[in-house]
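Dear colleague,

Please find the structure below, together with its sequence.

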Amino acid sequence: RRSPARSLARVHGTMSDKTHGDANASNTSNASNASNASNAKVLDVTESMGDVSTRLIKAVRAPLTRAAPTWKSMGVMKFTCPSGAREAQGRMRKNAREFGYNYLVVALALCAWSALSHAFTVVLALGIFVGHHYVVRVRNAPIDVGGKVFSAKTLGAATTAAAACAYALIILPAFLSALAFGVAFAVTHAVMRVPDKADEDEGGEVPVFRDFKASFVESYRESGVSEYVPAPVSSAVRSVFGAGARK
């Protein structure tokens, strides 16, 4: 026969375990909700139309800032013809790693000069950018068309696809000549310039390409396009642009 004291202790222990279990479950639930709320703030943050200018300024300022420290060394006259294809390839890799953002700024400057004679195209490009920003980042809400509701992600994917087609078919051709001159300058400089001895043994990825891939992955994830393309396409994007691409 069990004593009353032992029975009370067992009941008290059972109730204590249940209380602790409920507290742990509550803490886990709260942590999960906080994590989901944090992710929602990061992924589904709503912006304003005033952020358009902020994004444009940051997009222009970023390459200028990255290129600023190397303009002086880029202008140093250390040019010779490479002895062979292997040396030319090595020079291109090393110089692109050091001056990649300088080459990008030169190409952008040529495009800006070309834009003076393509005012309508520039206005159209800005209009597409502002429209995409409004649909994807400002409105970010479902829309009812003829009784059929399209989700915010569907609108984002459709708008991103339309903007990409417009840029590729209308905007890009107007600046192909400027881009061609920029690429020609970059290739010539990268092949002919003798890299500094301190850089000869340095390895690693070219920063401008690495940052472009990171930017593409982020845009691909935010647009919601991955939900509407075949799985092999998303797998290819993840393999080409890195594991950071998430569906």
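**Helix packing and buried cores**

In helix H2, Pro 63, Leu 64, Arg 66 and Ala 67 meet Tyr 101, Asn 102, Leu 104, Val 105 and Leu 108 of helix H4, where contact means heavy atoms within 4.5 Å. The residues of this contact of H2 with H4 comprise 7 nonpolar, 1 polar and 1 charged. In this grouping, Ala, Val, Leu, Ile, Met, Phe, Trp, Tyr, Cys and Pro count as nonpolar, Asp, Glu, Lys and Arg as charged, and the others, Gly among them, as polar.

Please note that this is a predicted model, in which local features need pLDDT of at least 70 and side-chain atom pairs count only at pLDDT 80 or more, while totals for chains, interfaces and linings use all residues. Residues are numbered from 1 along each chain as its sequence is written, and side-chain values use heavy atoms, with hydrogens and water left out.

The protein has 9 helices and 2 strands; these are DSSP runs numbered from the N terminus, with helices (H or I) of at least four residues and strands (E) of at least two. From the N terminus on, the order of elements is α-α-α-α-α-β-β-α-α-α-α. Among contacts between residues at least 6 apart in sequence, 80% join residues at least 24 apart.

Axes are lines fitted to C-alpha atoms, for helices over the stretch in contact, and angles run from 0 to 180 degrees between N-to-C directions. Angles under 35 degrees count as roughly parallel, over 145 as roughly antiparallel, 65 to 115 as roughly perpendicular and the rest as oblique. The crossing of H2 and H4 is left-handed, meaning that the near helix is turned anticlockwise from the far one by less than a right angle, whereas clockwise is right-handed.

H2 also packs against helix H5 (residues 119–139), at an angle of about 120 degrees and with the axes 10 Å apart. H2 is therefore oblique to H5 as well, and their crossing is right-handed. From H2, the contact involves Asp 51, Val 52, Arg 55 and Leu 56; from H5, it involves Leu 126, Phe 129, Val 130, His 133 and Arg 137. The residues of the contact of H2 with H5 divide into 5 nonpolar, 1 polar and 3 charged.

Of the 247 residues of the protein, 25% count as buried (under 20% relative accessible area, with exposed over 50% and partly exposed in between, using a 1.4 Å probe and protein chains only). The largest nonpolar core has 7 residues, namely Cys 111, Ala 115, Ala 125, Ile 171, Ala 174, Phe 175 and Ala 178. H4 and helix H6 (152–174) each supply at least two residues of this core. A nonpolar core is a set of buried Ala, Val, Leu, Ile, Met, Phe, Trp, Tyr and Cys residues joined through side-chain atoms within 4.5 Å.

Two further residues of H4 may be of interest. Asn 95 lies in helix H4 and is buried, with a relative accessible area of 0%. Ala 109 is also found in helix H4, but is partly exposed, at 48%. The C-alpha atoms of Ala 109 and Gly 182, 73 residues apart along the chain, are separated by 8.8 Å.

Yours sincerely
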